[in-house]
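These are my notebook entries on one structure. I looked up its elements one at a time and wrote down what I found.

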Amino acid sequence: MTIMTARFASILLGGCLAASLFSGPVFALGNDNSTMPTCKKGEIYDQKTKKCVKQQGANVSNENRTDYAYSLAKAGRYEEALAMLDTVKDQNSAEVLNYRGYATRKLGRTDEGISYYLQSVKMDPQYAKVREYLGEAYVIKGRLDLAKEQLTNIKAICGTGCEEYQDLNAAILDPSKI
């Protein structure tokens with residue numbers, strides 16, 4: 001009877017532990033990997049109300065505006081992303097500079113993008129996403145030595161398993177992936 005009780009208790013405990021892994025809240029490591037829905041031109045997605053609202057007079061935070069600009073850029077709406085970034089009060093945050101660099105690089109203005117990325121790196125040297133995008137810009141410019149330097153920096157920040165390392169490594173190995 002004692003062996004059966006011990007087996008039952010260990011199975012029950014194991015089940016509870018497994019269930020707790022899947023039932024707790026999920027925490028993202030920053031906003032770079034998540035994108036929010038994009039709205040029609042002239043609107044912004046409000047994270048609080050979870051709906052699109054008129055951009056003019058919208059009472060949304062600078063962080064919301066920054067995140068939305070990134071979503072616009074990821075959706076290929078680069079000019080709108082830059083216009084949204086213009087509405088952010090603090091133009092000198094690492095995220096704003098990174099996303100401005102991303103949008104300008106995607107518009108074909110690689111050197112301008114690199115200048116924004118470098119400003120962002122100065123503000124936050126541990127920001128892996130900006131180092132990934134800076135490395136991709138260097139790949140576009142044919143400067144694989146500088147891209148590999150950014151890859152080394154990313155490895156020191158988050159290891160080889162993080163998305164930023166894997167994406168930049170893939171771009172270095174096959175530039176057509178950018």
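**Entry 1: Helix 7**

I began at the end of helix 7, where Gly 159 follows with a positive phi, near 85°. The model I am reading is a predicted one.

I then looked up the helix itself, which covers residues 144-158 and has 15 residues. From its first C-alpha to its last it reaches 21 Å, close to the 21 Å expected at 1.5 Å a residue.

Which residues of helix 7 are buried? I found Ala 147, Gln 150, Leu 151 and Ile 154. They lie on the same side of helix 7, because they cover an arc of only 105° around the axis. I noted the general rule that an α-helix has 3.6 residues a turn, so residues three or four places apart point the same way.

The face turned away from this buried side carries the exposed residues Thr 152 and Ala 156. I also looked up what the buried residues of helix 7 pack against, and found helix 6 (128-140) and helix 8 (163-173).

**Entry 2: Helix 6**

How many of the residues of helix 6 are buried? I recorded 12 of its 13 residues, so I describe this helix as mostly covered. Among the buried ones are Val 130, Arg 131, Tyr 133, Leu 134 and Gly 135. The buried residues of helix 6 pack against helix 2, helix 4, helix 5, helix 7 and helix 8. Just after helix 6, I found Gly 142 with a positive phi of about 80°.

**Entry 3: Salt bridges**

I looked up the salt bridges and found that the structure holds seven. As a general point, side chains of opposite charge can pair when their charged atoms come close. I wrote down three of them.

- Glu 132 and Lys 129 meet through their side chains at 3.2 Å, N to O. Both lie in helix 6, three residues apart, about one turn of the helix. Glu 132 counts as buried at 2% relative accessibility, and Lys 129 is buried with a relative accessible area of 3%.
- Asp 145 forms a salt bridge with Arg 143, and the closest N and O atoms are 2.8 Å apart. Asp 145 counts as partly exposed at 45% relative accessibility, and Arg 143 counts as partly exposed at 39%.
- Arg 77 and Glu 80 meet through their side chains at 2.7 Å, N to O. Glu 80 counts as partly exposed, because its relative accessibility is 22% and the cut-off for buried is under 20%.

**Entry 4: Arg 100**

I looked up Arg 100, which is found in helix 4 (residues 94-106).

Strand 1 runs antiparallel to strand 2 (residues 51-54), and four bridges join them. Across this pairing, Tyr 45 stands opposite Cys 52 in strand 2. The two strands form a hairpin with four residues between them, and Lys 50 in the turn has a positive phi of about 60°.

**Entry 5: The largest nonpolar core**

Last, I looked up the largest nonpolar core, which has 38 residues. Those that touch the most other members are Tyr 68, Met 84, Leu 85, Tyr 102, Tyr 117, Leu 134 and Ile 172. At least two residues of this core come from each of several elements, including strand 1, helix 2 (62-74), helix 3 (78-86) and helix 5 (110-123). Helix 6 gives the most to this core, with six residues.

Apart from its neighbours within four places in sequence, Tyr 68 is in contact with Met 36, Pro 37, Thr 38, Cys 39, Glu 43, Ile 44, Tyr 45 and Met 84.

Terms used:
Residues are numbered from 1 along each chain as its sequence is written. This is a predicted model: local features need pLDDT of at least 70, side-chain atom pairs count only at pLDDT 80 or more; totals for chains, interfaces and linings use all residues. Side-chain values use heavy atoms; hydrogens and water are left out. The expected span of a helix is 1.5 Å times one less than its number of residues. Buried means under 20% relative accessible area, exposed over 50%, partly exposed in between (1.4 Å probe, protein chains only). The arc is that of the directions from the helix axis to the C-beta atoms. Contact means heavy atoms within 4.5 Å. A salt bridge is a side-chain nitrogen of Lys or Arg within 4 Å of a carboxyl oxygen of Asp or Glu. Two strands pair if DSSP finds at least two bridges between them. A nonpolar core is a set of buried Ala, Val, Leu, Ile, Met, Phe, Trp, Tyr and Cys residues joined through side-chain atoms within 4.5 Å.
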